[in-house]
Amino acid sequence: MIEVVLLGIAQDGGRPQAGCNLDCCIDIHSKSELWRTPVSLGVIEEEELHLIEASRMIGKQLTLVDNKIPKSVWITHVHLGHIDGLGQFGTESMNTTRATLHCSEKVSKNIEKTPSLKLLLENENLVFGDWGVRNENFKITPVEIPHRDELGDNHALIIEGMENKLLFMPDHDTWNETLESVGYESIKEWLKNLEIDIALIDGTFWNDKEIKHRSQENVKHPPIEETLERIGMSEEDDPRIIFVHFNHTNPVLNKETKEYKKVIEMGWEIGTEGMKFYL
Ligand SMILES: [Zn+2]
Ligand SMILES: [Zn+2]
């Protein structure tokens, strides 16, 4: 079986977030149990590790998977938290030999135009692999999903083993745009049609009021409140829906909050670092 380990659950900025002087991040220097690293998955196929997203906290994250050196890395889009660990494949850190880098055409163009990342390709620390792959043990299929795309496009990934299918969709703009782009009316209908067993989806914000200093205009992501309204209670035959990619301000990071409890009472889940899935 394929084992998938949730290596990080935070939004790109992580927790503590640089410059945040709110209760979520102030004075937590010595409280490492409150720190959270940007979203990432480790996919273990026999002895080999495939990494989904390259977070800058890769050093800490790999300790959850026996410090294996990734054989491949998959990038959903080029926003900060998803690619700022790519440099760790280079000579200053892991110095990998021909690890495969899987991403869309637009993302690969962006990487090639970034001198520090291009160097990784010139040194063959990384070589491009196919976007979408199938081998005897598992299959990864990208699905294009609308997300602010000033630097390239954005994809969700479907990871499929012999037994189960997992959807990883850490970032998107709005449910209306996403559902329209995949051609379904409801979230459950989409997931059921894809035969998804486990869905790790964008839970960046609890609601619109969370970020007072920024408008929803420039910070997209459907709030968890809206997603819950759309999916209702978990029913028999529904997939597991697990929220990930939490902003440092999100109340669901604390198990004692009413927001966390509401998600659990409705039968859904909040991702935690080290959570494992078997596909
Ligand atoms: Zn992100
Ligand atoms: Zn904060």
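Is Glu136 buried or exposed? At 71% relative accessibility, Glu136 is exposed, where exposed stands for over 50% relative accessible area, buried for under 20% and partly exposed for what lies in between (1.4 Å probe, protein chains only).

## Basis of the report

This is a predicted model, in which local features need pLDDT of at least 70 and side-chain atom pairs count only at pLDDT 80 or more, while totals for chains, interfaces and linings use all residues. Residues are numbered from 1 along each chain as its sequence is written, chains are lettered from A and ligands numbered from 1 in the order in which they are written, and side-chain values use heavy atoms, with hydrogens and water left out.

## The zinc ion (ligand 1)

The zinc ion (ligand 1) is coordinated by Asp12 (OD), His82 (NE2), Asp171 (OD), Asp171 (OD) and His245 (NE2), at 2.0 to 2.7 Å. Donors are N, O and S atoms within 2.8 Å of the metal (3.2 Å for Na, K and Ca); water is not among the atoms, so sites may look incomplete. Along the chain, the donors of the zinc ion (ligand 1) have the spacing D-x69-H-x88-D-x73-H. Distant parts of the chain are linked by the pair His82 and His245, which are 163 residues apart: His82 belongs to helix 2 (residues 80–83), and His245 to the loop between strand 12 and helix 8. Helices (H or I, at least four residues) and strands (E, at least two) are DSSP runs, numbered from the N terminus.

His82 is buried, with 0% relative accessibility, and His245 is likewise buried at 0%. His245 also has a positive phi of about 70 degrees, although it is not a glycine.

## The zinc ion (ligand 2)

Cys20 (SG), Cys24 (SG), Cys25 (SG) and His248 (ND1) coordinate the zinc ion (ligand 2), at 2.1 to 2.3 Å. The angles among the four donor atoms are 104 to 115 degrees, and the site of the zinc ion (ligand 2) is tetrahedral. Four donors count as tetrahedral if all angles lie between 85 and 135 degrees. The spacing of these donors along the chain is C-x3-C-C-x222-H.

Cys24 is buried, its relative accessible area being 12%. His248 is buried as well, at 9% relative accessibility.

## Pocket and cavity

The largest pocket has a volume of about 380 Å³. Its lining consists of 21 residues, with Arg15, Val252, Leu253, Asn254 and Lys255 nearest the centre. On a 1 Å grid over the protein atoms alone, a pocket is an open set of points with protein on both sides within 12 Å along at least five of seven lines, a cavity is a set of points where a 1.4 Å probe fits but cannot get out, and lining residues have an atom within 4 Å of a point. Grid points are joined across faces, edges and corners, and a volume is the space filled by probe spheres set on the points. The lining of the largest pocket has nine nonpolar, seven polar and five charged residues. Ala, Val, Leu, Ile, Met, Phe, Trp, Tyr, Cys and Pro count as nonpolar, Asp, Glu, Lys and Arg as charged, and the others, Gly among them, as polar.

The structure holds one cavity of 30 Å³ or more. About 40 Å³ of space lies in the largest cavity, which is lined by His77, Val78, His79, Arg148, Asp149, Leu151, Gly152 and Asp153. This lining divides into two nonpolar, three polar and three charged residues.

## Loops and backbone

Thr257, in the loop between strand 12 and helix 8, is buried at 16% relative accessibility. Leaving aside residues up to four places away in sequence, Thr257 touches Pro251 and Val252, contact being heavy atoms within 4.5 Å. Glu136 is placed in the loop between strand 7 (133–134) and strand 8 (139–144). Its C-alpha atom is separated by 9.1 Å from that of Met162, 26 residues apart along the chain.

Most residues other than glycine have a negative phi, and most peptide bonds are trans. Asp237, in the loop between helix 7 (224–231) and strand 12, has a positive phi near 75 degrees and is exposed, with a relative accessible area of 68%. A cis peptide bond, with omega about 0 degrees, joins Arg15 and Pro16. Pro16 is found in the loop between strand 1 and strand 2.

Technical notes:
Four donors count as tetrahedral if all angles lie between 85 and 135 degrees; four count as square planar and six as octahedral if opposite donors are over 155 degrees apart and all others between 65 and 115; anything else is irregular.
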